[in-house]
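Subject: Structure handover

Hello,

Here is the structure for your files. Please look it over before reading the notes below.

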Amino acid sequence: VQLQASGGGMVQAGGSLSLSCAGSGRTLNRHTMAWFRQALGKSREFVAAITWNGGSTYYPDSAKGRFTISRDNAKNTAYLQMNSLKPEDTAVYYCAAGRLSVSGLTVVSRAENYNYWGQGTLVTVSS
């Protein structure tokens, strides 16, 4: 499985960006999809996740109300709509996919639960 993340770029604070994560090699319609990010000098952190059927979504407090994750299983693609961006959102954003047997924020927010990772796309938010 290969994941290709795209859509990163530079935006001013308060602006919006939409990221995409396209899967290839096999269908991902039974996989939980997630986004993580890693800022320079910091550890990777969870941003959002969506269950295989889109029935549940999960966000950390830092993303709630501003970010929205969605997916289109017909296109084997997940999306992350980011609004009201802040300079502290600046990071490389990675998409991930995994066959998680259970859900819940504690499970979906752990990077080690995901088997497949994209190459990352840089998001820069200027003040």
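The notes below cover the disulfide, the aromatic rings and one threonine.

This is a predicted model: local features need pLDDT of at least 70, side-chain atom pairs count only at pLDDT 80 or more, and totals for chains, interfaces and linings use all residues. Residues are numbered from 1 along each chain as its sequence is written, and side-chain values use heavy atoms, with hydrogens and water left out.

Disulfide. A search of the whole structure gives 1 (cysteine sulfur atoms within 2.5 Å). Cys-21 and Cys-95 form it, with sulfurs 2.2 Å apart. Cys-21 sits in strand 3 and Cys-95 in strand 9, 74 residues apart (strands are DSSP runs of E, at least two residues, numbered from the N terminus). The S-S torsion is about 70°, so the disulfide is right-handed. Both cysteines are buried (buried is under 20% relative accessible area, exposed over 50%, partly exposed in between; 1.4 Å probe, protein chains only).

Rings. Phe-36, Phe-46, Tyr-114 and Trp-117 are linked into a cluster by ring pairs (centres within 6.5 Å, using the six-membered ring of Trp; planes under 30 degrees apart are stacked, over 60 edge-to-face, the rest tilted). Phe-36 counts as buried because its relative accessibility is 1%. Trp-117, at 27%, counts as partly exposed.

Threonine. Thr-77 is in strand 8. Its relative accessible area is 11%, so Thr-77 is buried. Thr-77 touches Cys-21, among others (heavy atoms within 4.5 Å; residues up to four places away in sequence are not counted).

Best wishes

Definitions and conventions. Helices (H or I, at least four residues) and strands (E, at least two) are DSSP runs, numbered from the N terminus.
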